[in-house]
Amino acid sequence: MKNTQGMVNAFFAFLLVVILGIFFFNAINQPLGNGLVLNKDNPDLSKRVSIHYILKNVHNAEDYLAQHKSSYFRNRDKVKSSNLEFGKTKNAESGSANEVTSIVVNYRGFDTLGEVTVLFISILGLGMLLHENKKKYWAKPSLIVRTGANFLFPFIVLFGVYVFVHGHLTPGGGFPGGTIIASAALLLILGLKDFKNKLTMTKIIESLAGLTFAGLGLVGLFTNGSFLTNFLPSGTMGLLVSSGITALIYIAVGIKVAAELSSGIMEMNGGGEE
Amino acid sequence: MIQSTFFYTTAIILFLIGLYGVLTKRNVIKTIITLTIMETAVNLFLVTIGYVKNGTAPIFTSTISDVHKFVDPLPQALVLTSIVIGLGTTALMLSLAIRLYKKYKTLNYLEMDGEDEK
């Protein structure tokens, strides 16, 4: 009886999935309409939404839009922009060589503040739900695991720090770097017999990093008039010390995510300081 | 264009697999896994929208400085946000699963009955 019920459920679910699939495949095979279409074989930069982010001339585009309201959309690529070249361009609007970082942290920094808040709230909820969790004692780690954990821990942390310090130059950034460091904490939990959860310490580090993020935004508010403005000189594109507050914010995000995810892992390992 | 279509197709198939799993599986952990598969499909779809033919990563290096060849950085930034929020929701779902298992000693929805525990 129960099996028949399951078969019927599976049949109807399969039917629904097939019908939805037909709709989806039909949708992506429709001929394109008369709107603005980006030719993906030979992309025209002026038809992209992100043209001003790529060319780093959002402020110039704002001025242009205020002056020529009617002709802006035809002349988007004619807005003045500096010539972007790695290692040579000085004081570009957002000095980071990695465009994704310049969008995530500089142009849409407020969005990232909200994202970090969502992560914080979810880890807070995890702590609330697992509050009564007793500390687990795993099977005694073997010699290989113990030695490997002790040997690899500093290198993993170093790699994580490298990833988030270079977030404005290379792929990666605060979130992946923080996750790498949290994986080092997980290795310690698995590899050390007498590992002690340090929840208070991680919470303090996390709060300080979050305060740094918000504080940098507030400094921009008081000096340049809007929240999370780049109030430092952005320097030469491609150097480690460049791009103003973008690099500082990504370091703060990296430390915050590392502490947050480590505390989440410790919470799952069994809360409490004992 | 062929490559774009391939990725769109993969994203849709992954999404449908996830949907089928959510509808039929009766285990909390399996539901979480299938939800994660759906999330991955949506992320893949969004990244594919920003793809251009023979594109490079949107990062200036000493050899790459042709902005016309960059793939679109905007969907990538949105997907970064989406991945982080997905991580948060997955962590919450897993902790809820731990609580459910502690209370009912099973992970099957059909066997979770409030009256059994008394």
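How exposed is A:Phe11? A:Phe11 is partly exposed, because its relative accessible area is 48%. Partly exposed lies between buried (under 20% relative accessible area) and exposed (over 50%), with a 1.4 Å probe and protein chains only.

This is a predicted model: local features need pLDDT of at least 70, side-chain atom pairs count only at pLDDT 80 or more, and totals for chains, interfaces and linings use all residues. Residues are numbered from 1 along each chain as its sequence is written, chains are lettered from A and ligands numbered from 1 in the order in which they are written, and side-chain values use heavy atoms, leaving out hydrogens and water.

- A:Phe11 sits in helix 1 of chain A, residues 2–28. Helices are DSSP runs (H or I, at least four residues), numbered from the N terminus.
- Patch residues have over 30% relative accessible area and no salt bridge; like charges are joined within 9 Å, nonpolar side chains (Val, Leu, Ile, Met, Phe, Trp, Tyr) within 5 Å.
- A salt bridge puts a side-chain nitrogen of Lys or Arg within 4 Å of a carboxyl oxygen of Asp or Glu.

**Positive patch**

- A patch of positive charge on the surface gathers A:Lys134 with B:Arg99, B:Lys102, B:Lys103 and B:Lys105.
- B:Lys103 belongs to helix 3 of chain B, residues 73–104. B:Lys103 counts as partly exposed because its relative accessible area is 49%.
- B:Arg99 is also in helix 3 of chain B. B:Arg99 has 36% relative accessibility, so it counts as partly exposed.
- B:Arg99 touches A:Met128, A:Leu129 and A:Glu132, setting aside residues up to four places away in sequence. Contact means heavy atoms within 4.5 Å.
- B:Arg99 and B:Thr34 are 65 residues apart in sequence; their C-alpha atoms are 20 Å apart.

**A buried threonine in chain A**

- A:Thr112 lies in helix 5 of chain A, residues 109–129.
- A:Thr112 counts as buried because its relative accessibility is 2%.
- A:Thr112 touches A:Val104, A:Val105, A:Phe175 and A:Phe213, not counting residues up to four places away in sequence.

**A phenylalanine in chain B**

- B:Phe7 is part of helix 1 of chain B, residues 2–24.
- B:Phe7 is partly exposed, as its relative accessible area is 34%.
- Beyond neighbours within four places in sequence, B:Phe7 contacts B:Leu44 and B:Thr48.
- B:Phe7 and B:Met112 are 105 residues apart in sequence and 39 Å apart in space, C-alpha to C-alpha.

Terms used. Areas by Shrake-Rupley, 256 points an atom, 1.4 Å probe, with all protein chains shown as cover. Lys, Arg positive; Asp, Glu negative; His and termini not counted. Charge placed at Lys NZ, Arg CZ, Asp CG, Glu CD. Helix = DSSP H or I, 4+ residues; strand = E, 2+ residues; numbered from the N terminus.
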